[in-house]
Amino acid sequence: MFNMEVIKRNSRRVYTLMDWMYRYTFDEIERATKLECTDLCMALIELQKEGRIACHKDDSGVYYTRCA
């Protein structure tokens, strides 16, 4: 159903983008990458599965950070 090559390519794109700031909201990543919602979700899931990013929540909302 999903093309893993596309998911991997999108996840590399997101990971590369995340080198600019410490943390990102979903909307910030979506605007910067111009990925469709489903494609971005799949890329974020893949990055989390690989242990390359983490998802956090605080009073301001949900955000994503690169792991060390």
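How many helical turns separate K49 and E46 in helix α3? About one, because the two residues are three apart in that helix. Some notes on the rest follow.

1. Ground rules. This is a predicted model, with local features needing pLDDT of at least 70 and side-chain atom pairs counting only at pLDDT 80 or more, while totals for chains, interfaces and linings use all residues. Residues are numbered from 1 along each chain as its sequence is written, and side-chain values use heavy atoms, with hydrogens and water left out.

2. The K49 and E46 pair. Their side chains meet in a salt bridge at 3.3 Å, N to O; the term stands for a side-chain nitrogen of Lys or Arg within 4 Å of a carboxyl oxygen of Asp or Glu. Helices are DSSP runs of H or I with at least four residues, strands are E runs of at least two, and both are numbered from the N terminus.

3. A search of the whole structure turns up six salt bridges. K8, E46, K49, E50 and R52 are linked in a network of them. Within it, E50 pairs with K8, with the closest N and O atoms 3.0 Å apart.

4. R66 and D19. Here is another salt bridge, at 3.5 Å from N to O. R66 lies in strand β3 (residues 61–66) and D19 in the loop between α1 and β1 (23–24), so the pair ties together parts that are 47 residues apart in sequence. R66 counts as partly exposed at 29% relative accessibility, while D19 counts as exposed at 57%.

5. Polar contacts worth a look. S11 is in helix α1 and counts as buried, at 2% relative accessibility. A polar atom of the S11 side chain lies 2.8 Å from the backbone oxygen of K8. Over in strand β3 there is T65, buried with a relative accessible area of 4%. The side chains of T65 and H56 are joined by a polar contact of 3.1 Å. A polar contact is a pair of N or O atoms within 3.5 Å; within protein, one must be able to donate a hydrogen and the other to accept it, and residues adjacent in sequence count only if both atoms are side-chain atoms.

6. The positive patch. R9, R12, R13 and K34 form a positive surface patch. Patch residues have over 30% relative accessible area and no salt bridge, with like charges joined within 9 Å. R13 is in helix α1 (residues 4–17) and is partly exposed at 41% relative accessibility. K34 lies in the loop between α2 (26–33) and α3 (37–49) and counts as exposed at 69%.

7. One backbone check. K34 has a positive phi of about 60 degrees, although it is not a glycine. I'd flag that residue when going through the loop between α2 and α3.

Key
Patches are made of residues with over 30% relative accessible area and no salt bridge: like charges are joined within 9 Å, nonpolar side chains (Val, Leu, Ile, Met, Phe, Trp, Tyr) within 5 Å. Accessible areas come from the Shrake-Rupley method with a 1.4 Å probe; for residues, only the protein chains shown count as cover. Lys and Arg count as positive and Asp and Glu as negative; His and the chain ends are not counted. The place of a charge is taken as NZ of Lys, CZ of Arg, CG of Asp or CD of Glu. Buried means under 20% relative accessible area, exposed over 50%, partly exposed in between (1.4 Å probe, protein chains only).
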